[in-house]
Amino acid sequence: MVINAWFKKADRHINVCGVCFEIGDYDYIVNSCFLAMFSVIKALLISKNLECKTHEGLIYLFKINFVDYSKNFLM
């Protein structure tokens with residue numbers, strides 16, 4: 001399933017962080033964490049039948065479907 005593939009990709013990025021931490025490559029850790037978060041959000045959007053082709057599109061879809069929605073829900 002496509003969603004599981006995105007979660008596996010996120011997991012690989014997190015695993016790389018442990019190795020990079022041991023060798024002191026902190027810049028790469030930041031990049032890997034970003035890619036892990038991107039992959040998880042991509043899986044979340046796919047689970048809701050939402051698709052995007054760019055980072056900007058992903059951020060926008062996440063914002064309007066989850067961030068703004070939760071603010072309205074809590075009010």
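A disulfide is taken here as a pair of cysteine sulfur atoms within 2.5 Å. The model is a predicted one, in which local features need pLDDT of at least 70 and side-chain atom pairs count only at pLDDT 80 or more, whereas totals for chains, interfaces and linings use all residues. Residues are numbered from 1 along each chain as its sequence is written, and side-chain values rest on heavy atoms, with hydrogens and water left out.

By this criterion, the structure holds 0 disulfides. For Cys17, the nearest cysteine sulfur belongs to Cys33 and lies 3.8 Å away. Cys17 is buried, with a relative accessible area of 10% (buried is under 20%, exposed over 50% and partly exposed in between, using a 1.4 Å probe and protein chains only). Cys20 is likewise in no disulfide, the sulfur of Cys17 being the nearest at 6.7 Å; Cys20 is buried at 7% relative accessibility.

The largest nonpolar core has 9 residues: Ile3, Trp6, Phe38, Ala43, Leu45, Ile46, Cys52, Leu58 and Leu61. Such a core is a set of buried Ala, Val, Leu, Ile, Met, Phe, Trp, Tyr and Cys residues joined through side-chain atoms within 4.5 Å. Helix 1 (2-23), helix 2 and helix 3 (55-74) each supply at least two of its residues, and helix 2 gives the most, with 4. Helices are DSSP runs (H or I, at least four residues), numbered from the N terminus.

Ser39 sits in helix 2 (residues 26-47) and is buried at 1% relative accessibility. With neighbours within four places in sequence again left aside, Ser39 contacts Trp6, Lys9, Ala10 and His13.

Definitions and conventions: Contact means heavy atoms within 4.5 Å.
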